[in-house]
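I am opening a notebook on a structure I have not looked at before. I will write down what I looked up, entry by entry.

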Amino acid sequence: MASQQNLEKMQIRQNYRNLWHTDLTNTIQADTPYCCFALWCAPCASYLLRKRALYNDMSRYTCCGGYMPCSGRCGESKCPEFCLCTEVFLCFGNSVASTRFMLQDEFNIQTTQCDNCIIGFMFCLQQLACIFSIVAMIVGSEEISEASQLLSCLADFVYCTVCACMQTQHKVEMDKRDGIFGPQPVMAVPPAQQMSRIDQAVPPSVGYAPQPAAYGQPYGYPPPAQQPPQGYPATGYPATAYPPPGYPPSGYSR
């Protein structure tokens, strides 16, 4: 029954839409000091991350996050700290995976194709090293034995590196959850927009900065009446009456 539920959870995780704050290839740049800490002291990092994933509430702790047959049967309720220490040292890989599943289920996070390829390569390399070790033991060839040892060293190196990057990824995600990156931007409601009407002399200025006055004239529509400049008409021209004398000519009728 429990295995069926875990299988259904795995299928549901494939439909998650959120992404990790940083992928596995960028975790070293995202938090270099913690990535080094997770590499050299992996069980300690796993212990701290699991406790933090539970919001420091160890009453919620279950061995391996409830994903293993032994979960709930190890006396977690009596001494959860000791059980967690035992888990991170004896079942380190499961402890990292369990914390990852918990964060994915909490934030609906999917694993990218790149991350899946990295994790899959790690598992395949471990399986290949194991096969070469068995073949070397059966055949007794020194060349195959040396090759199996090299593969085992490479598989261990990749395993430790990927686990350190995964734990750094988890830490960065919880930093985002706890607001360590800073307060989230406040989305302000935009001002209400108005439409100008034909009965308005001046269109509304909602959402726009007030326009400066042009050429000393106030902004508005229609423009004010234009006044003739001073000194018009120019001096030196005689003032003429309108209509001029002799107009209309004699004999003219409309």
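**Salt bridges and a helix contact**

I began with charged pairs, keeping in mind that this is a predicted model, and my search of the whole structure returned seven salt bridges.

I then looked up D31, which forms a salt bridge with K171 at 2.5 Å between the closest N and O atoms. The two residues are 140 apart in the chain, with D31 in the loop between α2 (27-30) and α3 and K171 in helix α8 (residues 142-177). I checked burial for this pair and noted that both D31 and K171 are buried.

Next I turned to D178, whose salt bridge with R52 has its closest N and O atoms 3.1 Å apart. This pair also links distant parts of the chain, since D178 lies in the segment after α8 and R52 in helix α4, 126 residues away. Through shared partners, salt bridges join D31, R52, E106, K171, D175, R177 and D178 into one network.

I moved on to helix packing and found α3 (residues 32-40) against α4 (residues 42-53), at an angle of about 115° and with axes 5 Å apart. On the α3 side the contact is made by Y34, F37, A38, L39 and W40, and on the α4 side by A42, C44, A45, L48 and L49. I sorted these residues and counted ten nonpolar, no polar and no charged.

Last, I consulted UniProt, where an unreviewed entry places a "transmembrane region" at residues 118-139. In the model that span is 100% helix and 0% strand, with its end C-alpha atoms 31 Å apart.

Notes. Residues numbered from 1 in each chain as written. Predicted model: local features only at pLDDT ≥ 70, side-chain atom pairs only at ≥ 80, totals over all residues. Heavy atoms only, no water. Axes fitted to C-alpha atoms, helices over the stretch in contact; angles between N-to-C directions. Helix = DSSP H or I, 4+ residues; strand = E, 2+ residues; numbered from the N terminus. Contact = heavy atoms within 4.5 Å. Nonpolar A, V, L, I, M, F, W, Y, C, P; charged D, E, K, R; others polar. UniProt positions renumbered as here; feature names shortened; annotations may be inferred. Salt bridge = Lys/Arg side-chain N within 4 Å of Asp/Glu carboxyl O. Buried < 20%, exposed > 50% of the residue type's maximum accessible area, 1.4 Å probe, protein only.
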